[in-house]
Amino acid sequence: MYRDNIEGPLKLMNNPVRLISAFVLIISVFSRVASADDQFALPTSEVGLPGEGALRRYDGYVKNWARFHAAWSNRVQQDQKSVVFLGDSITQGWGAQFKEKFPGMKLANRGIGGDTTRGMLIRLQQDVLSLNPSAIVLLLGTNDIEVGIEADAIGRNFEKIIRAIKQHDAKTPIVLCRMFPSSAEKQRPKEIIQQVNQLYDATVKGDSQITVVDTWTLFAEESGDADPKWFRDLLHLNAAGYDRWAAALRPIFATLGHLDTEPDDFKPELGYVSLFNGHDLTGWGFRKTPPRRKPKKSRPNAPVFVEIKEAVSFDGKTASDDGRYVAINGRLVVTTPPEGRRIQQLWTTEEFGDDFILKLEFRATPNADSGVFIRKPQLQCRDYLLAGPYNDLKKYRAGGWNELTVTVKGGMAHATCNGELLTDDMAVPESGPIGLEGDRGQIEYRRIRLKRLKANGESSDSDSLSDTARATIRSEIQAVIEEGHYPGISILLIHRDQVVMREAHGVVNLETKQPFTVDELCWLASTGKLFTATLMVSLVDAGIVSFDDPIAKTFPEFANVRLHDGSKP
């Protein structure tokens, strides 16, 4: 047995040619394995590589670089057109499934713990651009600060990353998350973090391809360091921190078309009229603004004030001319301005002089600032807990939808957010439009509706049919006409003794195409049952009869009715 096991090697050793061939074969196999490993290994030298600053060299980082790249190389085709997150250990912490926070989205995590801006620049093409991403989310720079890379060098690496993305595709949306706060005890002092964030802001200012999310304010306490309730070690997020980050990103993903892709099917309550139809900006527009004096001395970070020289209506358009206001699936989105702060207003073309109740819902990105104008004065509508002025609200939902209710009576406005008082003494003019301001960050509005009130505070019956209901009725009638059932149809709807809808559709004559009018004379046939049923329902509503009453109670003549066999029916 033993001799059989060693007989082959002994024969090989007695044949020098075979021995050399076997040795060369073994070396070749090991060489191929080493080459495959080198393909994914961290470069051993920074010489000739783009960017500034030394790469990390500690064991965990080196191993993860190779391990992740070997795994990601097998997913290039699978991850095409993903929304790609590029970053360090904070991004890596999302995991492959992103904690199920973005259902329905195609995502790719390209975070490597310990990575720096130079490391991300080096691997940008292989890890991100090769996927032809539908969007890119960036969080970067905190590890650069820890290892002592100068802020200006971090900024230049960031510029190179942005430039490379633009060279690959000048339309790929980039979502830039401001560097999170940390702590000096983590070798990440707040002063340097803020300096780097300012460099990032300066690089992307005025660039509509890039949306900035203020995640620094989102996670900072008043001192400017990391708020411990969102972090497990003043650097890495805890579970609540990831929830908070997800809530900040979801509105941006919705605007980019990755979430909330179905139309809102909300129907206004009885008595309310929709001011926003959900699919375009009909009924809204820009109003002429008074001229502004130019400042004596310009400030680089001063907000941009938009001047409108002539009023313009956006009826039938899905976006304002400058793209700031956009109708998306039931939401009127005030998008994040590339300038950082851009102050302007969108107004209803209609003015409201009666007392009324205005209801709407809004959702704000971190530290976003907007406002709702009531005839003329502005009610601040912001990410209240971060941007103020109502920092103590208990029911406000950060990153979620909140309901704003404004009741105007006798020239005074009373406003609440989710039922909590904002103001009860806001003076307003006798008449004026409703306006929505844009300043910084993104604010979305939806379900904007208004109910006029009578002098005694009761709702006005004449407004009891919403625009949405009217549109639905018209759509159904038009479908019946187009299907050829009837050439023309007239509608008369009366609610509480008030005519709420009277109009005609179609034609009187198919040959002449003469329009059908509400005064057209028509033959009526087989309508007795409709009138009888309507009258019976009215009697039931009045309590005069009941559907369960025997018919003889109302019509005694039917008491002795018999069937043909003599039995009672």
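**Ground rules.** I'm working from a predicted model, where local features need pLDDT of at least 70, side-chain atom pairs count only at pLDDT 80 or more, and totals for chains, interfaces and linings use all residues. Residues are numbered from 1 along each chain as its sequence is written, and side-chain values use heavy atoms, with hydrogens and water left out.

**Entry 1: the open sheet.** I looked up the strand order and got S2-S1-S3-S4-S5, five strands in an open sheet with parallel pairing. Strands here are DSSP runs of E, at least two residues, and helices are runs of H or I, at least four residues, numbered from the N terminus. Two strands pair if DSSP finds at least two bridges between them. The edges are S2 and S5 (210-213), each of which pairs on one side only. From one strand to the next, the twist averages 20°.

I then went through two of the pairings. S1 (residues 83-87) runs parallel to S2 with five bridges, and Val-84 stands opposite Ala-108 in S2. S4 (residues 174-177) and S5 are also parallel, over four bridges, with Leu-176 opposite Val-212 in S5.

Helix H7 (residues 151-168) lies across S3 (135-138), S4 and S5, at about 175° to S3. For that angle, axes are lines fitted to C-alpha atoms (for helices over the stretch in contact), and angles run from 0 to 180 degrees between N-to-C directions.

**Entry 2: strand S2.** Buried means under 20% relative accessible area, exposed over 50%, partly exposed in between (1.4 Å probe, protein chains only). In a regular strand, side chains alternate between the two faces of the sheet. Here Leu-107, Asn-109 and Gly-111 point one way, Ala-108 and Arg-110 the other.

**Entry 3: Ser-370.** I found Ser-370 in strand S14 (residues 369-374). Ser-370 is buried, with a relative accessible area of 1%. What does its side chain reach? It gets to the backbone oxygen of Glu-437 at 2.3 Å, and a polar contact of 2.7 Å joins it to the side chain of Tyr-445. A polar contact is a pair of N or O atoms within 3.5 Å; within protein, one must be able to donate a hydrogen and the other to accept it, and residues adjacent in sequence count only if both atoms are side-chain atoms. Leaving out residues up to four places away in sequence, Ser-370 touches several others (heavy atoms within 4.5 Å), including Gln-378, Cys-381, Arg-382 and Ile-443.

**Entry 4: aromatic rings.** I noted 28 aromatic pairs in the structure. Rings of Phe, Tyr and Trp (its six-membered ring) pair if their centres lie within 6.5 Å; planes under 30 degrees apart are stacked, over 60 edge-to-face, the rest tilted. Phe-85 and Phe-253 have ring centres 6.3 Å apart and planes at 65°, so they are edge-to-face. Phe-85 sits in S1 and Phe-253 in helix H10 (residues 239-255), so the pair ties together parts 168 residues apart in sequence. Both are buried. They also belong to one aromatic cluster, whose members include Trp-94, Phe-180 and Trp-245.

**Entry 5: charge over a ring.** I checked Arg-292 last, and its charged end sits over the ring of Phe-305, 3.6 Å from the centre. The cut-offs are NZ of Lys or CZ of Arg within 6 Å of the ring centre and within 35 degrees of the ring normal.
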